[in-house]
Structures are given as structure tokens and as C-alpha cells.
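Trainee: Could you show me how to read a sheet and a ligand site? I would like the general idea, then the case at hand.

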Amino acid sequence: MNRLAGKRAAIIGAGSVGEGWGNGKATAALFAREGASLLCVDRNQDAAEATAELIRSEGGTAEVLAADVTDHEAGAQVMARMQALWGGIDILDYNVGISQAGGVLDTDDEAWARVFDINLTGAMRMVRAVLPAMRAQKSGAIVFVSSLAAVYSAPYSYVSYEVSKMGLVRLARSVARENAPYQIRSNVLLPGVIDTPHVTAFVDGETDPATLAANRAAMVPMGRQGTAWDVARAALFLASEEAAYITGVELRVDGGLTA
Ligand SMILES: NC(=O)c1ccc[n+]([C@@H]2O[C@H](COP(=O)([O-])OP(=O)(O)OC[C@H]3O[C@@H](n4cnc5c(N)ncnc54)[C@H](O)[C@@H]3O)[C@@H](O)[C@H]2O)c1
């Protein structure tokens with residue numbers, strides 16, 4: 001219950017696009033259960049409020065900031081709020097990510113730029129905003145939520161997603177290398193086939209949900225989709241002191257899909 005006791009965490013994308021548990025929502029709830037104070041950041045204020053309310057109902061500490069990662073000021077807003085609330089930041093979890101269907105010939109500049117702005121540039125904005133405080137205190141843990149799509153080809157095309165998520169893998173390593181002397185750790189999660197509202201929203205209307213779930217489970221050697229809790233527990237490990245000597249790694253959460 002105390003793996004993050006006294007830690008101040010910001011989760012970017014702490015809401016969920018639909019009913020049920022998304023990765024960001026589960027991660028926020030789990031971090032709070034482990035003793036962290038949470039700033040739930042999301043462009044959807046109601047979704048962030050729902051997560052914060054749930055945390056408070058369990059006796060945890062959570063506040064909300066409505067911010068869009070495409071806003072150039074978003075990083076500064078997060079950092080200012082963390083300073084005002086708790087005097088700084090120990091953990092940043094960058095969970096925001098959008099999917100856009102389409103291969104190379106179907107993806108125009110506008111769609112490509114939008115996906116990159118949210119999936120990759122937003123992460124850069126956030127990390128740039130939190131690093132000075134983490135450097136000054138000589139500690140910090142950053143977890144980026146990428147995707148197995150960075151390294152594994154699905155049976156459908158979403159090239160902007162795949163390439164932006166690969167960029168996030170490299171960003172995590174660059175941040176790790178630059179900031180190791182400050183005892184700041186930076187790692188990246190590669191979730192595989194995870195059963196979240198994000199996926200349902202992505203394919204909504206195209207596939208019957210039961211068929212979709214069965215097909216996705218059948219892809220995985222362990223015979224099931226992952227859950228948001230599988231992702232949250234991996235994030236918890238990387239954010240906690242149990243990973244004190246781990247930085248610059250890509251952790252696959254994929255039930256053996258790439259084993
Ligand atoms: N579900 C899967 O199978 C799977 C697999 C691999 C990786 N992922 C990754 O997991 C993450 C998604 O997890 P989730 O289930 O919490 O997703 P989600 O789609 O429910 O998104 C979480 C929150 O992000 C917010 N958000 C979206 N765009 C934003 C923006 N521009 N600024 C601020 N907030 C924004 C949404 O409002 C939402 O509340 C993504 O990065 C996704 O790529 C998911």
C-alpha cells in the first residue's frame with residue numbers, strides 16, 4: 001500500500017474516453033492507492049474529475065487540471081499546479097495517445113501532424129516542463145506510455161500511430177541518458193493488446209465488440225487481452241523505488257505477443 005508514499009505524481013491523460021478502466025485511469029487509481037498525491041491532467045475535465053473523484057472516494061489525494069497537450073503552455077500549467085499544490089513533482093506518467101487508422105497513402109500531412117502533436121510532441125512538452133524541478137531535487141521518475149505498435153505490426157494500418165509511438169521509445173531513452181546524472185529515471189511501456197475503452201472507441205461501429213474481443217484475445221499467446229491494471233502495475237513498478245537502478249528500458253506488457 002505504500003510503494004509511492006509521499007510521492008507527487010502527474011498523470012497526463014488520467015481520464016478515460018469511455019466507460020470502464022482506461023490505462024491512465026487505472027494508473028492514477030493505483031498510484032493513489034500506493035500513497036501518491038495525484039494531479040489528474042486531461043483535456044476532458046469531466047473525465048479527469050471522474051478519476052479524481054474515484055480516488056478521493058477511496059481516501060486518496062487527487063486534484064484535476066484541464067489541459068490539452070497540444071497547447072504550448074500545457075507543460076508550464078502542469079508544473080505550476082504541481083508547485084502550488086505540493087511544491088514540486090516526483091513522477092510524470094505520460095499516458096495520452098490517440099490512434100488514427102490509415103496506411104502511408106491514406107494519411108495526409110494534417111492527420112500525421114495531429115497524431116504526432118498528441119502522441120510525441122505533447123510528451124516532449126511535458127518532460128521539458130518537469131525536468132528543471134526534478135534536476136534541482138536530483139530525483140524523479142518518468143514513465144511514457146508507448147505501444148507495442150512501435151515494434152510490432154498489427155494486421156491493420158495506422159502508420160502515424162506506429163511511428164509516433166516509436167518516437168516516444170527513443171524520447172524515453174534520450175531523456176534517460178541526459179538525466180541519469182541527476183538521478184532521474186525515464187522508461188517506456190509498450191502495452192500490447194489491452195482491453196480498454198480506447199480500443200472500443202477506435203474501432204467503434206466497424207466490428208461487433210464480442211468478435212473484436214475474441215479476435216484480439218486469440219492473437220495473444222497467453223490467450224487473453226491485457227487489462228488496464230496490467231499496464232498500471234507495470235507503470236507502478238517503473239515509477240517506484242523498486243526500479244531505482246532501471247532507466248532507459250522498454251517494458252513490453254504483451255502477454256507474450258512478441259516473445
Ligand atoms: N488499449 C490498448 O490496447 C493500448 C495498447 C497500447 C498502447 N496503448 C496506449 O495507452 C494509452 C491510452 O490509455 P487509455 O486507455 O488511458 O486511453 P484513453 O484513450 O482512454 O485516453 C486517456 C485520456 O487521454 C485524454 N486525452 C486525449 N487526447 C488528449 C490531449 N490532446 N490532451 C490531454 N488529454 C488528452 C482523453 O480525454 C482521455 O481521458 C495511449 O497512449 C495508447 O496509445 C493502448
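Mentor: Strands of a sheet pair through backbone hydrogen bonds, either parallel or antiparallel. Here, pairing requires at least two DSSP bridges between two strands, while strands (E, at least two residues) and helices (H or I, at least four) are DSSP runs numbered from the N terminus. This is a predicted model, where local features need pLDDT of at least 70 and side-chain atom pairs pLDDT 80 or more, whereas totals for chains, interfaces and linings use all residues. Residues are numbered from 1 along each chain as its sequence is written, and side-chain values use heavy atoms, without hydrogens and water.

Trainee: Which residue of β5 does I91 stand opposite?

Mentor: I91 faces A141 there.

Trainee: What is the strand order of the open sheet?

Mentor: The seven strands follow the order β3-β2-β1-β4-β5-β6-β7, with parallel pairing. At the edges, β3 (61–66) and β7 (250–253) each pair on one side only.

Trainee: Which strands does helix α2 touch?

Mentor: Contact means heavy atoms within 4.5 Å. Helix α2 (residues 45–57) packs on the sheet against β2 (37–42) and β3, its direction making about 175° with that of β3. Such angles run from 0 to 180 degrees between N-to-C directions, with axes fitted to C-alpha atoms, for helices over the stretch in contact.

Trainee: Now the ligand: which residues come nearest?

Mentor: A residue is near a molecule if one of its heavy atoms lies within 4 Å of it. Of the 29 residues around the ligand, D42, N95, Y161, T196 and H198 come nearest.

Trainee: How far is an oxygen atom of the ligand from an N or O atom in the side chain of Y161?

Mentor: That distance is 2.5 Å. For K165, a side-chain N or O atom is 2.8 Å from a ligand oxygen.

Methods
A polar contact is a pair of N or O atoms within 3.5 Å; within protein, one must be able to donate a hydrogen and the other to accept it, and residues adjacent in sequence count only if both atoms are side-chain atoms.
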